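User: Hi! Could you walk me through some contacts and packing in this model?

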Amino acid sequence: MGDPALLTLRKIAGTDLMVSPVGLGTVKLGRDKGVKYPNSFTIPDDQQARRLLDLSRDLGINLLDTAPAYGQSEERLGPLLQNQRNHWLICSKVGEEFDRLTGQSHFNFTPEHVRFSVERSLKRLQTDVIDILLVHSDGNDMDVIQRYGVLEQLEQLKAEGKIRAGGMSTKTVEGGIETLRRSDIAMVTYNLNYQDELPVIDYALAAQKGIFIKKALASGHISSEHLNESATTDPLQASFDLVLGHPGVSSAIIGTINPQHLRTNVAAAADSLSRTDVQNPIIK
């Protein structure tokens with residue numbers, strides 16, 4: 001018998017997509033070079049990856065976050081999701097490319113590359129549509145938006161039925177708000193250590209747009225491994241209380257490949273939601 005589902009789907013504001021309040025990040029399924037995590041890790045084999053996805057599904061997760069920049073993540077997810085594709089919302093990206101030989105990334109936001117990247121992702125993921133496509137910003141959000149017209153390109157891809165929603169994984173407040181003005185979803189950093197992008201989340205709530213949170217646990221620097229048992233506040237619980245306590249947040253992405261960490265994180269998220277849903281009817 002599998003783990004009980006602890007999460008209930010909620011609507012991404014401004015779309016018809018129903019998403020779990022916690023999503024699974026899949027960097028560690030495909031890339032172990034040039035990543036900023038506190039501990040080294042081994043990329044899971046197919047059997048381990050399949051068990052992780054099964055556990056995620058059992059716990060109520062339906063959002064998978066991937067990208068071409070995540071090495072072999074997309075290529076591995078394609079076969080792993082066969083016969084269960086309808087359960088999942090897949091969020092992929094365009095803009096950042098990972099060179100598997102050098103372990104380095106570079107960026108390309110031209111219209112030609114965006115279309116090439118989307119067609120490649122569709123093939124790798126073995127699917128007809130990418131549910132959510134985000135631009136992988138290089139940090140120069142406004143330049144990317146204004147110089148290349150990438151958000152307009154995403155609108156065109158949506159009109160063609162290749163994606164269902166679009167937006168940008170941003171790094172600035174100005175870029176996050178501009179993304180929400182022009183598209184459906186912004187992915188922003190928000191955690192106990194960094195809250196500079198809170199105005200983007202506030203804007204999303206007012207404008208009824210979607211927000212995904214990256215680095216909700218500070219890329220693993222806030223985790224159950226580092227809890228002080230004598231502390232009055234559990235940092236993991238406090239992290240989810242902060243992130244999921246904001247009614248503008250659609251989902252928080254966590255990137256663990258450890259099944260027990262996944263269970264612990266989802267339990268903490270569910271506990272936070274049990275204490276905030278009454279006050280936040282928007283996220284029910």
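User: Which residue forms a salt bridge with Asp-131?

Analyst: Happy to start there, with a note on the model first. It is a predicted model, in which local features need pLDDT of at least 70, side-chain atom pairs count only at pLDDT 80 or more, and totals for chains, interfaces and linings use all residues. Residues are numbered from 1 along each chain as its sequence is written, and side-chain values use heavy atoms, with hydrogens and water left out. A salt bridge here is a side-chain nitrogen of Lys or Arg within 4 Å of a carboxyl oxygen of Asp or Glu; for Asp-131 the closest N and O atoms are 2.9 Å apart, and the partner is Arg-164.

User: How many residues apart are Asp-131 and Arg-164?

Analyst: Helices (H or I, at least four residues) and strands (E, at least two) are DSSP runs, numbered from the N terminus. Asp-131 sits in strand β8 (residues 130-136) and Arg-164 in strand β9 (residues 163-169). The pair therefore links distant parts of the chain, and the separation is 33 residues.

User: Is Asp-131 buried or exposed?

Analyst: The cut-offs are under 20% relative accessible area for buried and over 50% for exposed, with partly exposed in between (1.4 Å probe, protein chains only). Asp-131 has 3%, so Asp-131 counts as buried.

User: How many residues apart are Arg-147 and Asp-143 in helix α4?

Analyst: Their side chains meet in a salt bridge, at 3.3 Å from N to O. Arg-147 is exposed because its relative accessible area is 57%, while Asp-143 is partly exposed at 32%. Both lie in helix α4 (residues 141-148), and about one helical turn separates them because they are four residues apart.

User: Which residue forms a salt bridge with Arg-275?

Analyst: Arg-275 is partly exposed, at 41% relative accessible area. The closest N and O atoms are 2.8 Å apart, and the partner is Asp-271.

User: How many salt bridges does the structure hold?

Analyst: Some of them share partners: Glu-152, Glu-178, Arg-181 and Arg-182 are joined into one network in this way. For the structure, the total is 18.

User: Are α1 and α9 roughly parallel or roughly antiparallel?

Analyst: Axes are lines fitted to C-alpha atoms, for helices over the stretch in contact, and angles run from 0 to 180 degrees between N-to-C directions. Helix α1 (residues 46-59) and helix α9 (residues 259-276) have axes 10 Å apart and pack at an angle of about 15°. Angles under 35 degrees count as roughly parallel, over 145 as roughly antiparallel, 65 to 115 as roughly perpendicular and the rest as oblique. So α1 and α9 are roughly parallel.

User: Which residues of α9 meet α1?

Analyst: Contact means heavy atoms within 4.5 Å. From α1 come Leu-52, Leu-55, Ser-56 and Leu-59. They meet Pro-259, Leu-262, Arg-263 and Val-266.

User: In which helix does Leu-77 lie?

Analyst: At 0% relative accessibility, Leu-77 counts as buried. Leaving aside neighbours within four places in sequence, Leu-77 is in contact with Thr-26, Leu-29, Leu-53, Leu-64, Thr-66 and Leu-125. Leu-77 lies in helix α2.

User: What is the relative accessibility of Glu-74?

Analyst: Glu-74 is found in helix α2 (residues 73-80). Not counting residues up to four places away in sequence, Glu-74 touches Thr-66, Ala-67, Pro-68, Ser-92, Ser-121, Arg-124 and Leu-125. Glu-74 counts as buried, with a relative accessibility of 1%.
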